[in-house]
Amino acid sequence: MSWQALSDAAKAQGLALRGGLHPSAEDAAPEGCQTLVLLGPDEPHFWARFTASPEYLDRATDPLDRWSKRVVGTLAQDWQGEAIFPSDGPPYPPFLRWAAGSQHCWASPVGPLVHSQAGLFISYRGMLALPQKLDLPAPGVSPCLTCDRPCETACPVGALAPDKFYDVPTCKAHLRSEAGQECRTNGCLTRRACPVAIDFQRLPEQSAFHTAAFLKS
């Protein structure tokens, strides 16, 4: 069993490995876990696979969470591990801590996480807690260190900006307004401004799906 073999198995399901770590006692990993592996959408292939799934087509509630539970759960079973999800809780699993521990994700200049490959479009559908100690990829380097940081001025209402917490009410009000149509239908301008994420641009229907879920939350 190897990192590459797991990567191939994840990609076959529309997911990608977005970092991993060998947990210490402070990382709150399940007992017996030797490797934690973060899973995110495999863009730009994820959306076509998800929209062909029974969870999307049955029009019931929470299709993406249900899809994630099935797909990540199957991967965990195949690898004799345990599936962990951001929604598990309370208490909720420390995904931000695990992401930082993977050394492929950092706090961006505007607050949300930025990933070495996915940029500001990073998201996690689940985590695998494996009993095997896999060899991990070499640590990455934060892309923000050599970036002109267009994210700092991309938000039209300043909801995401340096040296402040994410202003969720202002963001939602803008998304619901006529002026917010661009963000609502084509995705967050701040995330899209990140040059690392140029290959992770979403289709309008995918952005609209995520925005609708965000506005309902």
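This is a predicted model: local features need pLDDT of at least 70, side-chain atom pairs count only at pLDDT 80 or more; totals for chains, interfaces and linings use all residues.
View 1. When the residues lining the largest cavity are divided by class, 11 are nonpolar, 1 is polar and 1 is charged.

**View 2. The second largest cavity and its lining.** The space in the second largest cavity comes to about 40 Å³. Its lining is made by Arg-18, Pro-41, Glu-43, Ala-118, Phe-121, Ile-122, Ser-123 and Phe-200, and by class these lining residues are 5 nonpolar, 1 polar and 2 charged.

**View 3. The second largest pocket.** A volume of about 230 Å³ belongs to the second largest pocket, and the elements that give two or more residues to the lining of this pocket are helix H1 (3-11) and strand E1 (15-21). The lining consists of 16 residues, of which Trp-3, Leu-17, Arg-18, Gly-19 and Gln-117 lie nearest the centre of the pocket. Sorted by class, the lining of the second largest pocket has 5 nonpolar, 7 polar and 4 charged residues. Arg-18, named here among the residues nearest the pocket centre, is also one of the residues that line the second largest cavity.

**View 4. The largest nonpolar core.** This core has 30 residues, and those that touch the most other members are Leu-36, Leu-38, Ile-84, Phe-95, Trp-98, Tyr-124 and Met-127. At least two residues of the core are supplied by each of strand E2 (35-41), H5, strand E6 (126-130) and helix H6 (168-176), and the largest share, 3 residues, comes from H5. A second, separate core of 22 residues includes Leu-15, Phe-46, Tyr-56 and Leu-128.

**View 5. The surroundings of Ile-84.** Leaving aside its neighbours within four places in sequence, Ile-84 is in contact with Pro-30, Pro-93, Phe-95, Trp-98, Gly-126, Met-127 and Ala-129. Among these partners, Phe-95, Trp-98 and Met-127 are, like Ile-84 itself, listed with the residues that touch the most other members of the largest nonpolar core.

**View 6. Positive phi values at Asp-62 and Gln-103.** Asp-62, a residue other than glycine, has a positive phi, near 50°, and is placed in the loop between helix H3 (54-57) and helix H4 (63-78). For Gln-103, which is likewise a residue other than glycine, phi is positive and near 60°, and this residue is found in the loop between H5 and strand E4 (105-107). With a relative accessible area of 43%, Gln-103 is partly exposed, because its value falls between the 20% below which a residue is buried and the 50% above which a residue is exposed.

Conventions. Residues are numbered from 1 along each chain as its sequence is written. Side-chain values use heavy atoms; hydrogens and water are left out. On a 1 Å grid over the protein atoms alone, a cavity is a set of points where a 1.4 Å probe fits but cannot get out, and a pocket is an open set with protein on both sides within 12 Å along at least five of seven lines; lining residues have an atom within 4 Å of a point. Grid points are joined across faces, edges and corners, and a volume is the space filled by probe spheres set on the points. Helices (H or I, at least four residues) and strands (E, at least two) are DSSP runs, numbered from the N terminus. Ala, Val, Leu, Ile, Met, Phe, Trp, Tyr, Cys and Pro count as nonpolar, Asp, Glu, Lys and Arg as charged, and the others, Gly among them, as polar. Buried means under 20% relative accessible area, exposed over 50%, partly exposed in between (1.4 Å probe, protein chains only). A nonpolar core is a set of buried Ala, Val, Leu, Ile, Met, Phe, Trp, Tyr and Cys residues joined through side-chain atoms within 4.5 Å. Contact means heavy atoms within 4.5 Å.
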